[in-house]
Amino acid sequence: MDKILEINNLTKEYIMGEVTVHALRGVSIAIYEGEFVVILGPSGSGKSTLLNIIGGIDAPTSGDVLFHGKNISRASEKELTLFRRGAVGFVFQFYNLIPNLTARENIALASELADDPIPADRLLEDIGLSDRGDHFPSQLSGGQQQRVAIARAVGKNPSLLLCDEPTGALDLQTGIQVLRILKDFNQNYKKTVMIITHNAGFGKIGDRVFHVRDGLIDSIQVNENPLAPEEVSW
């Protein structure tokens, strides 16, 4: 498999008064095309910082992030905007849907500037909400809103889907549905998906699991036969 991401000796420091917080302490990993990757660690371990730097939301203190060989950690703001707009989809714990747009409109809006978007109606079918396309967020359950948020992120057909605690606000059954949608996107569209979580059960569905602790990669777990989301409990 070809590398989609190469991360070399990544550090991130935050100055808080007289204290320097070392969020990342020299992370080096490679991520491959079409992988389903889980970044697992407790709160404060540095996993969200790592995801934000990979997605071009934050900048490292030192080190490099190469996306298809291009160093995005040294990119201009204009280049980062184009990178975030075209190459990366983001899914967060909270849905951030536009309240006065329908589910279909929320999905389609994110795709307007994409070169090769996936049609909103196709995505509504993928997430099992074909009959809810004309509903507003307030008319949808939390799980349905998260499914729409995933479809919105997927709609621009990104190479890389970054998910920050995507089931954090959901119950077990709804969380499994959301994980199934993410797994299907990975498998059906051959895209790279990265999930960060503190939930150890999620590690069983990843091709590889990066265990993060104190700003470092503590260990890497390879799953030769990842479980289906329906087989996972937490």
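Two strands pair if DSSP finds at least two bridges between them. Helices (H or I, at least four residues) and strands (E, at least two) are DSSP runs, numbered from the N terminus. You're looking at a predicted model, where local features need pLDDT of at least 70, side-chain atom pairs count only at pLDDT 80 or more, and totals for chains, interfaces and linings use all residues. Residues are numbered from 1 along each chain as its sequence is written, and side-chain values use heavy atoms, with hydrogens and water left out.

**Exercise 1.** Find the partners of strand β3 and work out how its residues are placed.

Step 1. Start with β9 (residues 208-213): four bridges join this strand to β3, and the two run parallel. Look for V37, whose bridge partner in β9 is R208.

Step 2. Now try β8 (residues 192-197), which pairs with β3 in the parallel sense over five bridges. Here F36 stands opposite V193.

Step 3. Check burial (buried means under 20% relative accessible area, exposed over 50%, partly exposed in between, with a 1.4 Å probe and protein chains only). Five of the five residues of β3 (residues 36-40) are buried, so the strand is largely enclosed by the rest of the structure.

Step 4. Sort them by face. In a regular strand the side chains alternate between the two faces of the sheet. In β3, F36, V38 and L40 are buried on one side, and V37 and I39 on the other.

**Exercise 2.** Describe how helices α5 and α6 sit against each other.

Step 1. Get the geometry: the axes of α5 (residues 142-155) and α6 (residues 172-188) come within 10 Å and cross at roughly 15°. Axes are lines fitted to C-alpha atoms, for helices over the stretch in contact, and angles run from 0 to 180 degrees between N-to-C directions.

Step 2. List the contact. α5 brings G143, Q146, R147, I150 and V154, while α6 brings T174, Q177, V178, I181, L182 and F185.

Notes: Contact = heavy atoms within 4.5 Å.
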